[in-house]
Amino acid sequence: STGSSGINAEYGDFGGNFLEDEPQADPPRFVSWLKNVTAVKGSSIQLTVIAMGRQPFSISLLKVGKTDDRVLATASPSLYSNYLNLTYVIDVMREYHTGLYRAQLVSGSVVTGQSECYVELKET
């Protein structure tokens, strides 16, 4: 079986709709960061990051490579939301999944925040 991966993006108002309640809402920021993971070969893992703040913003999850970074997923909150939960799932952990992962928070065309984690394979 080959490893498969997937993305789940969850949108919400996380304590109020800033478009109505807080016209001067804060710029987007991470409220939960990526965490390092040590996984057994064949197991399932999730990489989750949460951001909230003034629209527009998006989160991109990348696997950092030696010569270039590969975008794995990108998501933006719905129009009336100030909250975004991005979860990337690796269903079957393999050696090629190990390495550095980076979440980038982008507002307009500017990277306003980054979160990194390292995924490590543990021998059983």
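1. A term to start with: a residue counts as buried under 20% relative accessible area, as exposed over 50%, and as partly exposed in between. Take Asp26: with a relative accessible area of 46%, Asp26 is partly exposed, because that value falls between the two cut-offs. Keep in mind that you are looking at a predicted model.

2. Who does Asp26 pair up with? Its salt-bridge partner is Arg29, and the closest N and O atoms of the two are 3.8 Å apart. Arg29 is partly exposed as well, at a relative accessible area of 36%.

3. Now for the other salt bridges; a search of the whole structure finds three. Asp69 forms one with Arg102, where the closest N and O atoms are 3.3 Å apart. This pair ties together distant parts of the chain: Asp69 sits in the loop between S5 and S6, Arg102 belongs to strand S8, and the two are 33 residues apart.

4. Arg102 has another partner, Glu116, with the closest N and O atoms 2.7 Å apart. Here the link runs from strand S8 to Glu116 in strand S9, 14 residues apart. Through shared partners, Asp69, Arg102 and Glu116 end up in one network.

5. Is Arg102 buried or exposed? It is buried, since its relative accessible area is 14% and the cut-off for buried is under 20%. Its two partners are partly exposed: Asp69 has a relative accessible area of 35%, and Glu116 has 41%.

6. On to the sheet. Five strands make an open sheet with mixed pairing, and their order is S3-S9-S8-S5-S6. S3 (37–40) and S6 (70–75) are the edge strands; each has a single partner strand, so one side of each is left without a neighbour in the sheet. From one strand to the next, the twist averages 25 degrees.

7. Look at S8 (residues 99–107) and S9 (residues 110–122), which pair in the antiparallel sense over nine bridges. Ser107 is found opposite Val110 in S9. As background, strands of a sheet pair through backbone hydrogen bonds.

8. Finally, the inside. The largest nonpolar core has 24 residues, and Ile45, Leu47, Ile59 and Val119 have the most contacts inside it. Strands S3, S4 (45–52), S5 (58–63), S6, S7 (83–90), S8 and S9 each supply at least two residues of this core. In soluble globular proteins, nonpolar side chains tend to be buried together.

9. Leaving aside residues up to four places away in sequence, Leu47 touches several others, among them Leu34, Val37, Leu61, Leu86, Tyr101, Cys117 and Val119.

Conventions: Residues are numbered from 1 along each chain as its sequence is written. This is a predicted model: local features need pLDDT of at least 70, side-chain atom pairs count only at pLDDT 80 or more; totals for chains, interfaces and linings use all residues. Side-chain values use heavy atoms; hydrogens and water are left out. Two strands pair if DSSP finds at least two bridges between them. Helices (H or I, at least four residues) and strands (E, at least two) are DSSP runs, numbered from the N terminus. Axes are lines fitted to C-alpha atoms, for helices over the stretch in contact, and angles run from 0 to 180 degrees between N-to-C directions. A nonpolar core is a set of buried Ala, Val, Leu, Ile, Met, Phe, Trp, Tyr and Cys residues joined through side-chain atoms within 4.5 Å. Buried means under 20% relative accessible area, exposed over 50%, partly exposed in between (1.4 Å probe, protein chains only). Contact means heavy atoms within 4.5 Å. A salt bridge is a side-chain nitrogen of Lys or Arg within 4 Å of a carboxyl oxygen of Asp or Glu.
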